[in-house]
Amino acid sequence: MALKDAESKPLKMEQIRELSGDDLRDALTKLQEAQFRLKFRAGTEKVDNPLRFRIMRRNIARMETVLRERTD
């Protein structure tokens, strides 16, 4: 499964649930870092696609939901 598009395209829950716990945590960390970089860059220059903020925020929420489901 390729999460390389997680920064620009909405992920489906089935894609996220296929990942193991460690892979999911790694992908979540990378996506959070990418979100931070995008916010930082938006403060200094114009962002080419402002919808990326919403897509990234929702993908992060989906990943955190799956992690929370697995711990319960």
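Two residues count as being in contact when heavy atoms of theirs lie within 4.5 Å. Keep that in mind as we walk through this model, which is a predicted one.

Let's start with the overall layout. The protein chain has three helices and zero strands, and reading along the sequence gives the pattern α-α-α. Its C-alpha atoms fill a box of roughly 40 × 15 × 15 Å along the principal axes. Of the 72 residues in the chain, 28% are buried. The chain exposes about 5,200 Å², and carbon and sulfur atoms supply 49% of that area. If you look at contacts with a separation of 6 or more, 74% of them involve residues 24 or more positions apart. As for charge, there are 17 positive and 13 negative ones, and their mean positions sit 6 Å apart.

Now find helix α2, which runs over residues 21-44. It has 24 residues and reaches 35 Å from its first C-alpha to its last, close to the 34 Å expected at 1.5 Å a residue. Which residues of α2 are buried? They are Leu24, Ala27, Leu28, Leu31, Ala34, Gln35 and Leu38. An α-helix has 3.6 residues a turn, so residues three or four places apart point the same way. And what do the buried residues of α2 pack against? Their partners are α1 (13-17) and α3 (51-71).

Take methionine 56, which is placed in helix α3. Methionine 56 is buried, with a relative accessible area of 0%. Leaving aside neighbours within four places in sequence, methionine 56 is in contact with Leu31, Ala34, Gln35 and Leu38, as well as with Ala6 and Glu7.

At 16% relative accessibility, leucine 67 counts as buried, because the cut-off for buried is under 20%. Not counting residues up to four places away in sequence, leucine 67 touches Gly21, Leu24, Arg25 and Leu28. Leucine 67 and arginine 25 are 42 residues apart along the chain, yet their C-alpha atoms are separated by 8.0 Å.

That brings us to the charged side chains. Side chains of opposite charge can pair when their charged atoms come close. How many salt bridges does the structure hold? There are three.

Arginine 25 is part of one of them, with aspartate 22 as its partner and the closest N and O atoms 3.1 Å apart. This pair stays inside one helix: arginine 25 and aspartate 22 are three residues apart in helix α2, so about one helical turn separates them. Arginine 25 is partly exposed, with a relative accessible area of 43%, while aspartate 22, at 54%, counts as exposed.

Another salt bridge joins arginine 17 and glutamate 69, where the closest N and O atoms are 3.2 Å apart. Here the pair links distant parts of the chain, since arginine 17 is in helix α1 and glutamate 69 in helix α3, 52 residues apart. Arginine 17 counts as partly exposed at 41% relative accessibility, and glutamate 69 is partly exposed too, at 42%.

The remaining bridge is between the side chains of arginine 52 and glutamate 7, at 3.3 Å from N to O. Arginine 52 lies in helix α3 and glutamate 7 in the segment before α1, so this pair ties together parts that are 45 residues apart in sequence. Is arginine 52 buried or exposed? Arginine 52 counts as buried, at 15% relative accessibility. Glutamate 7 is partly exposed, with a relative accessible area of 27%.

Finally, glance at the loop between α2 and α3, where asparagine 49 lies. Asparagine 49 is partly exposed, with a relative accessible area of 33%. Asparagine 49 and serine 8 are 41 residues apart in sequence, and 9.0 Å apart in space from C-alpha to C-alpha.

Terms used:
Residues are numbered from 1 along each chain as its sequence is written. This is a predicted model: local features need pLDDT of at least 70, side-chain atom pairs count only at pLDDT 80 or more; totals for chains, interfaces and linings use all residues. Side-chain values use heavy atoms; hydrogens and water are left out. Helices (H or I, at least four residues) and strands (E, at least two) are DSSP runs, numbered from the N terminus. The expected span of a helix is 1.5 Å times one less than its number of residues. Buried means under 20% relative accessible area, exposed over 50%, partly exposed in between (1.4 Å probe, protein chains only). A salt bridge is a side-chain nitrogen of Lys or Arg within 4 Å of a carboxyl oxygen of Asp or Glu. Accessible areas come from the Shrake-Rupley method with a 1.4 Å probe; for residues, only the protein chains shown count as cover. Lys and Arg count as positive and Asp and Glu as negative; His and the chain ends are not counted. The place of a charge is taken as NZ of Lys, CZ of Arg, CG of Asp or CD of Glu.
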